[in-house]
Every structure is written in structure tokens, then in C-alpha cells.
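Reader: I should be grateful for a close look at the salt bridges of this model and at the parts of the chain that they join. Please describe the surroundings of those parts as well.

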Amino acid sequence: MSTAAARRPRTRGLMWLVWRQHRAALWAGLALVVAVAAYIVWQRAQMVGYMRAHDIDGCADWRDFCHGKRIAPRRGTDPITDAYFHLRDAYRTPLLNTGRLLIALPALIGVFVGAPLFARELETGTHQLVWTQSVSRTRWLAAKLALPLAAVLTGTTVLAVLYTWWWRAARVHFSDIAWGTAVPFDATGPAAVALAPLSFFLGAAAGLLLRRTLPAMVATLGITVGVQYGLGALRPHLMTPRTIVSDATGGFARTPSELFYTSWRGFTEGFLTRSGEKVPSDRCSSAVGDDAWNRCLARLGATKRQYEELHPVSHFWPMQWIQAGICLAAGAALAALCVWWIGRRPTVKEPV
């Protein structure tokens, strides 16, 4: 053996085994992260360059002014309006589609990384070889989880940071996209990062409990989609909404920009009584015609003063951290479940 070969450090132990088992998936994940990251950087550079070249950087939509001139609601009015509409046509769809890809990423991680992690070994019986060595089951579990989890956290953090960077440059131009909807909320910030380990632990727990790869993958996909849907329904209630009230004629003097309404099906609004109590509009949803509507409101004691409950853009980051905390707490509970389960496994070899 040469001197150089003798001095070369040799990787041994469980971490080396885990790397050997999952190196193909890890390299594939790295390639995916690099490709998506490069696409985000390229798209953002193209978008910002276009805005600066046509002097529309910072201009919003047709309801706002751009350099003292209101943007027209249709094409063919002036160069600024045409440039603004081209910006929306060229960059709005890539922004949304990339966000949808990042939302799907946690489910893919859970299905193709988390679920087979233990299910494949339990299904084939290869775990018995490790368990008969001098390695404890808890240490085996920790080693199997550590390397993929580190890769998942690193990759999703990089993509979430880059997508947040892109979204912050684009949001003023695409103000019709509410910040609390799935895109961009679940694709940006800590909320996007925390969804990935939660799905990963969901897959790992499913693999341990079901002990079959395909059923574990199917269960992980269904549960992850359900979790994401549930988080979307819960999101409007993570913080107390702000209530704005109209004047006596029903007109609102000023409505905050970049809103997210408190109902995922629309928005919460209604009328106030003379005592200040709220009468939601859906209380009279069965009324047909203006006369029936007015009689219903009068019967409930409603006045012309209206209210709306909404989340201003200042709630974005607090709600991001609240949702991330929920996901991380659920992920920690699933990790504890995996540790508890592995300690209760029988010591005798089971038939496969």
C-alpha cells in the first residue's frame, strides 16, 4: 500500500453505511436543488432587468400610479402600460409555477426519501444484520435519520431563501396574488423550510409502522396533502385579524394594501348594529332580491356601517413563524414516536 493511500482517512461506521445506501438519492436531490436554484436566480435577474430597462420598477397595477401617471387597465394605451402588462405575461406564470413546485417538494421528500428509509429495510429484512452487531437500535435510527434530514433542511432552506428573494422583488407588481394563499406563503420563509422535515418524519414513521414500502409511500402522500390543506385552512386563524369599519354611509376611507382575508373561501365582512355588534353578511345569504336582503338586515338590527376582517401584510412574518413552529413541533413528535417504536421492537428475528 502506498504512503498516500495509507494516510487517506477512511470513513467507517453507520454514517458511512447510510451514505452508501442513499448516495444516489442524495446526488439526485443535490442536482434538483442546483437546477431549481439556478432557474430562480435567472428568472429574477431577467425580471428585474426588464423592470429597470422599461422604468417600471416599483410600479403596481392599474389602480396605482407609475412615475405620476396612472397605469391604464388595458394594453395599447402607452409604453408604460404595455411594459407592465408584458411583465405580468412573461413572469407571473413562472413565479407561480415555481412556487407550486416548491409546495410539492415536501410531499416528494416524504414519499421518496422518508417512507422508504425504514420500510425498505424492514420489508427485506436487512435491518437484522445491523441489529445483530454492536450497534443499538436507537443509534441505528438516529444515523438513518440524521444524514437525509440534514440534506433536506439544507436544500429546502436554500430554495426557500431564493424564492423569498424573488417574491419580494415581484409582489408589488402582482398584488392580485394574496400573500396568505398557498403560493407564496408555503413556498417562502420558515414555513416552507418547516414543511419539509415534517413530511420527512411522516414518511419515516409510516415506514416504521407499516413496514412495507409502497403502502408507506401512499400513506405519506395522502397525509402530507391533508396536512398542507389543513394548514391552509388554519392559516387565517393563526393571528387575530384586524377589523376595519366604514363610515355611516358604508364607505371605507382607507383599506390597507396587500391584504389576506380571514376566510380561505373569500373574506369575512358584514354590518354593524347600533351597539357595535357584528352581523356577518352570510346571515342573510338565503335572501333573494334586494327587498328580502334589506328586510333580513333590518330584522337583525344592522345599520349601513360595514366591517371587514383581514390580515395586513405586517402579519406575514409572524404567521410564517407560527406555522413553522407548528410543523416543527409535529415533526419532533413524530421523531419521538420513531424512537419509542424502535425501542419496543421484539429482540427475536421476525419472519419477513
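Author: The model is predicted, and the mean pLDDT of its chain is 81, with 77% of the residues reaching 70 or more. One stretch calls for caution: over residues 347–352 the pLDDT is below 50, although this stretch has ten contacts in the model beyond near neighbours in sequence. Where pLDDT is low, the predicted coordinates should not be read in detail.

Side chains of opposite charge can pair when their charged atoms come close. In this model the count comes to three salt bridges.

One of them is formed by the side chains of K144 and E121, with an N to O distance of 2.6 Å. K144 belongs to helix α5 (residues 137–170) and E121 to helix α3 (residues 79–124), so the pair ties together parts that are 23 residues apart in sequence. K144 has a relative accessible area of 2%, and because buried means under 20%, K144 counts as buried. E121, at 7% relative accessibility, is likewise buried.

Another salt bridge brings together the side chains of R235 and D186, at 2.8 Å from N to O. This pair links distant parts of the chain, 49 residues apart: R235 is in the loop between α8 and β3, whereas D186 is in the loop between α6 (182–185) and α7. R235 is buried at 2% relative accessibility, and D186 is buried at 5%.

The loop that holds R235 also holds M239, which is placed between α8 (213–234) and β3 (242–245). M239 is partly exposed, its relative accessible area being 22%. Leaving aside residues up to four places away in sequence, M239 touches H311, H315, P318, M319 and I322. For P318, which is 79 residues from M239 along the chain, the C-alpha atoms of the two residues are separated by 8.3 Å.

A further salt bridge is that of K278 with E309, whose closest N and O atoms are 2.7 Å apart. Here too distant parts of the chain are linked, since K278 is in strand β6 (residues 278–280) and E309 in strand β7, 31 residues apart. K278 is partly exposed, with a relative accessible area of 40%, whereas E309 counts as buried at 16%.

Strand β7 also takes part in strand pairing. Four bridges join β3 to β7 (residues 302–311), and these two strands run antiparallel. Among the residues involved, V245 has Y307 in β7 as its bridge partner. Strand β5 (residues 268–273) also pairs with β7 in the antiparallel sense, over five bridges, and E269 stands opposite E308 in β7. In a regular strand the side chains alternate between the two faces of the sheet.

L209, L210, L337 and W340 make a nonpolar surface patch of about 380 Å². The elements that give two or more residues to this patch are α7 (189–210) and α10 (316–343). L210 lies in helix α7 and is partly exposed, at 41% relative accessibility.

Methods. Residues are numbered from 1 along each chain as its sequence is written. This is a predicted model: local features need pLDDT of at least 70, side-chain atom pairs count only at pLDDT 80 or more; totals for chains, interfaces and linings use all residues. Side-chain values use heavy atoms; hydrogens and water are left out. Buried means under 20% relative accessible area, exposed over 50%, partly exposed in between (1.4 Å probe, protein chains only). Contact means heavy atoms within 4.5 Å. Two strands pair if DSSP finds at least two bridges between them. pLDDT is the predictor's confidence in each residue, from 0 to 100. Patches are made of residues with over 30% relative accessible area and no salt bridge: like charges are joined within 9 Å, nonpolar side chains (Val, Leu, Ile, Met, Phe, Trp, Tyr) within 5 Å. Accessible areas come from the Shrake-Rupley method with a 1.4 Å probe; for residues, only the protein chains shown count as cover. A salt bridge is a side-chain nitrogen of Lys or Arg within 4 Å of a carboxyl oxygen of Asp or Glu.
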